[in-house]
Amino acid sequence: MTGVTPEPPVLRLLNVESAYGPIRAIRGVSLQVQRGEIATVLGSNGAGKTTILKTISGILDPRKGSVEFKGEDITARDPAEIVQRGLVHVPEGREVFPLLSVRDNLLMGAYTRRDRDAVARDLEMVYAYFPILRERAQQDAGLLSGGQQQMLAISRALMAEPELILLDEPSLGLSPKLTKEIFEIIVRINRERGTTILLVEQNANMALNAADYGYVLENGRIVMEDRCDRLREKEDIKEFYLGMKEAGVRADRRWKKKKTWR
């Protein structure tokens with residue numbers, strides 16, 4: 001009987017360590033993201049989630065370990081080269097170009113592309129996902145609300161035709177209603193376009209419901225990983241991330257030091 005060889009992950013981190021000066025932000029992080037899935041990294045503020053994304057996208061060079069994208073080593077490569085390979089980072093805080101129009105912000109996302117006809121098609125695609133951006137196309141991006149700027153940041157990433165999008169805290173500063181809308185669109189993009197997504201998020205409930213596979217990061221280390229439907233049922237997740245136990249109980253418990261690799 002001949003077995004089917006599993007497809008290699010589109011993204012793989014192996015024992016990655018990154019730091020800001022003397023402060024180690026992530027310590028021996030290993031994770032992988034399968035093509036076509038949404039993966040999430042959960043963790044409290046300061047756990048190292050953003051550092052993971054910065055290390056993947058080349059903004060921060062790791063001290064140790066390696067980053068592979070589509071089977072090739074991209075460790076410490078130039079961020080522009082990484083974008084051209086099909087990996088796009090949507091940073092925390094959106095970082096739109098405030099003095100450019102919404103339309104020009106979107107076209108900036110496609111600056112590495114040469115297929116002008118397809119760019120026009122993709123512009124229509126993002127307007128279909130976020131109709132408000134069509135309405136505000138000629139308006140300066142800095143005048144948009146926080147939620148609209150998040151829509152613009154995601155759409156600008158899509159204009160690069162990425163195979164993998166890194167999303168950093170898309171719910172940051174948004175109302176529950178807007179957060180729900182943003183996550184519904186993230187799932188639609190994944191399902192309809194097959195775009196792989198690595199999402200870091202403090203809103204564990206939204207992330208676990210949207211994603212297929214999850215990692216839990218604490219103090220720069222992965223302390224738990226599993227499919228999201230299983231993570232939602234784990235007592236530690238319910239207690240520390242979903243708020244399903246008394247606050248007084250939380251202070252008496254800490255994560256076990258033992259890693260829970262499969």
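Predicted model: local features only at pLDDT ≥ 70, side-chain atom pairs only at ≥ 80, totals over all residues.
Reader: How are α6 and α7 oriented relative to each other, roughly parallel or roughly antiparallel?
Author: The axes of helix α6 (residues 146–158) and helix α7 (residues 176–193) come within 10 Å and cross at roughly 15°. Angles under 35 degrees count as roughly parallel. That makes this pair, therefore, roughly parallel.

Reader: Which class of residue has seven members in the contact of α6 with α7?
Author: On the α6 side, the contact is made by Gly-147, Gln-150, Met-151, Ile-154 and Leu-158. On the α7 side it's Leu-178, Glu-181, Ile-182, Ile-186, Ile-189 and Arg-193. Sort them by class and you get two polar, two charged and seven that are nonpolar.

Reader: Which strands stand at the edges of the six-stranded sheet?
Author: This open sheet has mixed pairing, and its strands come in the order β6-β7-β8-β3-β9-β10. An edge strand here has a single partner, so one side of it is left without a neighbour in the sheet. That applies to β6 (87–90) and β10 (221–227).

Reader: In β9, what is the bridge partner of Leu-42?
Author: Strand β3 (residues 38–42) pairs with strand β9 (residues 213–218) in the parallel sense, over four bridges. Leu-42 falls in the β3 range, and its partner in β9 is Val-216.

Reader: At about what angle does α7 run to β8?
Author: Both helices lie across strands of that sheet: α6 across β6 and β7 (164–168), running at about 170° to β6. As for α7, it lies across β3, β7 and β8 (196–201). Its angle to β8 is about 155°.

Reader: Which residue takes a positive phi in the hairpin of β4 and β5?
Author: Strand β4 (residues 64–69) pairs with β1 (residues 11–20) in the antiparallel sense over five bridges. Two bridges also join β4 to strand β5 (residues 72–73), again running antiparallel. The hairpin of β4 and β5 has two residues between the strands, and the one with a positive phi, near 55°, is Lys-70.

Notes. Residues numbered from 1 in each chain as written. Heavy atoms only, no water. Axes fitted to C-alpha atoms, helices over the stretch in contact; angles between N-to-C directions. Parallel < 35°, antiparallel > 145°, perpendicular 65-115°, else oblique. Contact = heavy atoms within 4.5 Å. Nonpolar A, V, L, I, M, F, W, Y, C, P; charged D, E, K, R; others polar. Pairing = 2+ DSSP bridges.
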